[in-house]
Amino acid sequence: VWRRRPTRHFGDECVPFADISLRAASGRWRDISVLIDSGAVISVLRSSVADMLGINLTDGELVDLSGIGAPARHYYVHSCAARIGDLPEFRMRIAFSDRKDVPNLLGRLDVLERFQLTLDAKRMESRFAITSTL
């Protein structure tokens with residue numbers, strides 16, 4: 001799924017999103033829409049997603065992360081059961097922000113070593129497939 005987003009200098013641009021499912025503490029799968037960010041090392045989600053999943057935010061490993069030109073902020077890293085489409089379930093580390101104003105991002109860690117990602121801007125499609133090395 002690609003969505004049109006305004007940019008500061010270049011007008012509206014289409015950017016790639018993915019729908020992922022994360023298993024909540026209750027065992028129920030919850031769907032989350034995330035911006036695919038191949039430059040992000042780890043996936044980042046808002047604190048409201050941790051709440052929805054029944055995760056105690058501060059039980060995670062405290063880390064300080066920053067983006068390009070942004071100051072470091074506190075995040076709490078948790079390992080979550082995840083699914084992307086009909087691909088096999090896997091565990092991924094997610095840095096949950098203690099703030100609500102951060103974007104939900106899908107980073108590389110625990111994702112791109114398992115799955116091949118193809119971004120087709122012309123067709124506005126994103127495809128995940130199992131890598132041949134697994």
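These legends accompany close-up views of a predicted model.

**View 1. The largest cavity in the predicted model.**
One cavity of 30 Å³ or more is counted. The largest cavity has a volume of about 50 Å³. Its lining includes Ile36, Asp37 and Ser38. Leu106, Gly107 and Arg108 also line the largest cavity, as do Val111, Leu112, Leu117 and Phe128. By class, six of the lining residues are nonpolar, two are polar and two are charged.

**View 2. The largest pocket and the residues around its centre.**
The largest pocket holds about 370 Å³ of space. It is lined by 17 residues. Nearest the centre of the pocket lie Val44, Ser66, Gly67, Tyr75 and Leu105. The lining of the largest pocket divides into 12 nonpolar, three polar and two charged residues.

The side chain of Ser21 makes a polar contact of 2.6 Å with the side chain of Asp31. Asp31 is also among the residues that Ser21 touches, once residues up to four places away in sequence are left out. Trp29 and Arg30 are touched by Ser21 as well. Ala81, Ala82 and Arg83 complete the list of contacts for Ser21 on that count.

**View 3. Asp110, a non-glycine residue with positive phi.**
The phi of Asp110 is about 70°, a positive value, although Asp110 is not a glycine. Asp110 sits in the loop between β8 and β9. Strand β8 spans 105–106 and strand β9 spans 115–120. Asp110 has a relative accessible area of 7% and is therefore buried, under the 20% cut-off.

How values were computed: Residues numbered from 1 in each chain as written. Predicted model: local features only at pLDDT ≥ 70, side-chain atom pairs only at ≥ 80, totals over all residues. Heavy atoms only, no water. 1 Å grid on protein atoms, 1.4 Å probe; cavity = no way out; pocket = protein on both sides within 12 Å on 5 of 7 lines; lining within 4 Å. Points joined across faces, edges and corners; volume = space filled by probe spheres on them. Nonpolar A, V, L, I, M, F, W, Y, C, P; charged D, E, K, R; others polar. Polar contact = N/O pair within 3.5 Å; in protein donor to acceptor, adjacent residues only side chain to side chain. Contact = heavy atoms within 4.5 Å. Helix = DSSP H or I, 4+ residues; strand = E, 2+ residues; numbered from the N terminus. Buried < 20%, exposed > 50% of the residue type's maximum accessible area, 1.4 Å probe, protein only.
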